[in-house]
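Good morning, colleagues. Please look at the sequence and the structure as they come up, and then we shall go through them together.

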Amino acid sequence: KAVNGQHLKDKARIVAGGHRQDKSEYVALSTQTVNTESVFILLAVAAYEKRSIMIIDVRGAYLNAKMKSPGGRDTFIVIDKELAKFFVMVDTTLAKFVGADGKLRMRIEKALYGCIQASHLWQELLTETLIGMGFRISCYDKCVAIRGDLIICFHVDDLMVVGKTKKDCEVFKLELEKIFDITSKVGNNLDYLGLHIQIKDN
């Protein structure tokens, strides 16, 4: 839902049972999210300097990151037999991986939602991508990236882009969509992290 209560879309995803993984094997699992203060500061700067704002969502964000496990081991998931039937209906080549118990066993190659390291792997990839695009990460907030007059803050897969002009935001969007599958929104009424942003021209 949007902040005003309007229904926007329905979402569903397959989630791994990360609670079955051994957390003690993982050195790095922490994932930062943008500080609320950073969001308000960016909005204040945008309002005072009459900057342009764009909201970007990265579709299936975690699945862009390659799965990594301790010791370089492979990570496998077991799909119960009821759900396995649907997998085989969609891709019949998976039938050979269905066991006698009807369950489907698969190796994970991407950071599947639910795996305890998935969020960390996605943030690591996004941060590396932004640095590769010429951004520097703020030393005060690891979820704020700066390149010239362009400032971006991100909360998992939701990005708020603040540019000096609309063109700045559009140029960044074109760069990013070459790397990730994204949706974007501009205009005078935007929603970001539960905030409704109303932009007045005067």
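In what order do the elements of the protein chain run from the N terminus on? They run α-β-β-α-β-α-β-β-β-β-α-β-β-β. That gives four helices and 10 strands, taken as DSSP runs numbered from the N terminus, with helices (H or I) of at least four residues and strands (E) of at least two.

A word on the source: this is a predicted model, in which local features need pLDDT of at least 70 and side-chain atom pairs count only at pLDDT 80 or more, while totals for chains, interfaces and linings use all residues. Residues are numbered from 1 along each chain as its sequence is written, and side-chain values use heavy atoms, with hydrogens and water left out.

Of the 202 residues in the protein chain, 38% are buried (under 20% relative accessible area; exposed is over 50%, partly exposed in between; 1.4 Å probe, protein chains only).

I turn now to the aromatic pairs. The whole structure contains three of them, a pair being rings of Phe, Tyr or Trp (its six-membered ring) with centres within 6.5 Å; planes under 30 degrees apart are stacked, over 60 edge-to-face, the rest tilted. One of them joins W122 and F180 edge-to-face, at 5.3 Å between centres and 70° between planes. W122 belongs to helix α3, whereas F180 sits in the loop between α4 and β8, 58 residues apart. Both W122 and F180 are buried.

F135 and F172 also pair: their centres are 5.6 Å apart and their planes at 80°, so this pair is edge-to-face. F135 lies in the loop between α3 and β4 and F172 in helix α4, so the pair ties together parts 37 residues apart in sequence. F135 is buried at 4% relative accessible area, and F172 is buried at 0%.
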